Amino acid sequence: MVTQAGERPPRLLSSAGFRFAVLFAAMFSVAAVAMVAVLWWATAIALDRQTDAAIRADAIALTERWRESGATGLAESIDDRITVDVENEVIYLLREVQENAPPRRLAGNLESWPEDTPADGAWFRTRAKHDDIISQMRLHRLDLPGLQLLIGRDEDQRVELRRLLTEGVLYASSAVVLFALAGAWLIRRALQRRLGPAFETTIAIAAGDLGHRVPLSGRDDEFDRLAQTLNTMLDRVATLMEGVRGVSDAIAHDLRTPIARARAKLEDALASAPPARTEEGAALRGAVEQGIADLDNIARIFQALLRIAEAEAGARRAAFAGFDLVPVLADAAEFYAVVAESRNQVLETDLPEHLPMVGDRDLLLQAVANLLDNAIKFTPAEGNIRLAAVQDDTGLCISVTDDGPGMPADDRDHAGERFFRADKARATPGSGLGLSLVQAMAHLHGGELVLADAVPGREPPGLRAELRLPRP
Amino acid sequence: MRILLVEDDAEVARFVRKGLHEAGHMVEHAANGRDGLFLAASEQFDLLVLDRMLPGGVDGLRLVETLRSQANRTPVLFLSALAGVDERVKGLKAGGDDYLVKPFAFAELLARVEALGRRPSVDAPATKLRVADLELDLLSRMVTRGGKRIDVQPREFRLLEHLMRHAGQVVTRTMLLEKVWDYHFDPQTNVIDVHVSRLRQKIDKGFDKPLIHTVRNAGYVMRAEP
């Protein structure tokens with residue numbers, strides 16, 4: 001079957017443009033994510049590390065101080081540090097712990113010892129009150145003999161900064177997605193626009209109009225290269241087709257003329273041959289008449305081949321016209337009904353009122369005639385032949401059903417080949433071109449010829465030949 | 001009849017000439033388009049038999065177009081190796097009256113020549129056709145023989161009409177196919193013979209003088225004499 005691929009743009013998921021676009025969007029997003037990750041690491045994470053580094057430096061300095069001047073020096077040092085810190089960032093709490101007594105506060109600005117404080121040396125975050133404000137803080141616990149020390153930094157500003165940063169990243173991500181989608185859409189559209197003319201051209205060519213060429217954008221890019229290559233190919237095809245047409249015309253003249261000449265000579269010879277009464281005369285006349293019949297047969301086969309070639313080349317598409325299929329089929333049925341009747345067969349028809357179609361009336365008629373002729377040839381006496389036509393959503397279906405021997409499945413695939421004759425058909429007259437023409441005709445109209453058993457399972461099954469033509 | 005044959009193939013021309021001559025016609029021959037056009041335009045002929053592909057710069061189509069543009073209505077029969085349906089249509093459009101494809105049987109050519117040559121120049125508005133005691137009424141679409149009414153199908157009526165209009169002339173199977181059915185393909189089975197034999201059953205059965213006769217290797221003829 002000839003499917004008219006490319007008449008519509010491909011569906012979204014199968015569109016190359018769409019896939020390129022998705023790839024583009026994905027690459028763009030990955031790049032953006034990488035950038036945000038770096039940004040995050042460089043700011044939020046770095047800030048945390050800075051805080052920890054400051055706390056660690058404090059811890060080392062205060063431990064040093066304690067070693068030099070004991071608990072009192074340490075408390076002084078803490079008070080000093082709190083005093084010089086104008087930003088209210090530093091947090092300390094130093095208390096003395098003795099057995100059998102509650103811990104005693106020595107220095108610091110943290111209001112109370114947080115209850116969830118873990119063991120010595122731990123790093124943790126908590127919310128607590130210092131300098132009369134409750135805030136988020138990062139703390140480090142350091143125990144010295146008889147002393148417990150908490151060193152920390154207020155993180156409120158950092159938390160705020162991180163929130164702003166997160167918000168910014170979110171907004172930026174949305175923008176990234178939007179830009180990626182827009183870019184994807186642009187890429188898809190650009191691809192379609194650049195490929196559109198090539199599409200239109202190839203569709204026109206496929207429809208048999210070889211005059212079309214892909215227009216060039218003049219940018220000399222990949223698309224133009226492709227278009228140029230296509231055009232070169234089309235020029236070559238056109239030259240070849242022209243050649244084939246020329247050959248057909250030449251064959252028409254150069255083969256038909258000598259056949260005509262030979263036939264003329266034979267007819268001449270027949271006119272001057274001895275009368276058929278004598279044995280010699282009868283033999284001679286018989287031979288000459290057979291020669292003439294053979295020549296006529298050659299001319300007939302040759303005519304059929306030319307018509308098939310013509311149909312396959314799509315050259316006859318120019319002759320398409322709208323007509324009602326029903327009278328054409330009814331006429332053909334009436335034409336062959338008398339032959340069926342003379343063989344004691346019944347030819348029935350099942351046709352609707354009207355079946356509008358666009359196509360080549362002559363060729364369609366010949367195709368249907370070939371099918372009817374075959375059906376009559378292969379159906380035994382008393383058999384039925386049925387010509388029907390229906391229209392549905394997908395198109396037209398003309399079917400010829402017979403009571404003959406049917407056709408093995410293997411043969412059906414070859415039935416449309418030129419000169420193919422099924423084993424069962426060898427005894428009957430015919431050239432093996434009838435179904436080829438039907439198939440060529442079907443293809444010319446964008447349809448197909450389907451062969452099947454008329455009644456599957458019956459012996460003999462009979463043949464059902466369906467000409468399926470798409471909606472015009 | 002005086003016939004002009006324009007054909008470049010010497011063998012075919014000789015054969016056609018000889019055959020037509022034996023059938024009682026006078027034949028002039030031109031071997032190229034220019035000479036053919038000159039003869040056709042300057043002399044009076046009853047019929048032109050033209051090849052389509054001709055040497056001499058004037059092909060068959062041009063020749064007919066030129067003649068028709070000069071109001072020359074001489075019937076033209078194309079005899080051509082170009083067999084496509086389109087080619088046939090081209091020939092008839094250019095002003096040809098009939099189209100025969102090579103290779104051809106001489107009987108076919110002769111039947112067509114005689115059908116064209118004896119065509120009534122003015123279409124007489126006959127309403128009844130008569131051959132012996134067979135009568136066909138074109139208005140009431142009734143067929144009677146010897147006063148007895150015969151029922152015929154519409155297509156049989158047209159077949160009979162064609163045979164009666166050419167009474168006395170040989171009508172070939174291909175001519176019937178083209179003129180009665182307007183079919184331009186070759187039905188592989190002898191469908192026409194079956195149609196004619198059915199008609200013959202209706203017209204001739206029960207009457208002592210048959211009117212439809214078979215002409216061997218040619219076709220059929222309707223006439224009163226055996």
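## The β4–β5 hairpin of chain A

In this predicted model, strands β4(A) and β5(A) form a hairpin with two residues between them. Within the turn, A:G146 adopts a positive phi of about 80 degrees.

The pairing of β4(A) with β5(A), residues 147-154 of chain A, is antiparallel and extends over eight bridges. Across this pair, A:M137 stands opposite A:D154 of β5(A).

One facing position places A:R127 opposite A:Q136 in β4(A).

Two residues lie between the strands of the β3(A) and β4(A) hairpin, where A:D131 has a positive phi near 50 degrees.

## The contact between chains A and B

Contacts between the chains involve 27 residues of chain B and 30 residues of chain A. On the side of chain B that touches chain A, the helices α1 (10-22), α4 (85-93) and α8 (191-204) of chain B each supply at least two residues. The greatest contribution to that side comes from α8(B), with four residues.

By residue class, the side of chain B that touches chain A comprises 15 nonpolar, five polar and seven charged residues.

Definitions and conventions:
Residues numbered from 1 in each chain as written. Chains lettered and ligands numbered in written order. Predicted model: local features only at pLDDT ≥ 70, side-chain atom pairs only at ≥ 80, totals over all residues. Contact = placed C-beta atoms within 7 Å. Nonpolar A, V, L, I, M, F, W, Y, C, P; charged D, E, K, R; others polar. Pairing = 2+ DSSP bridges.
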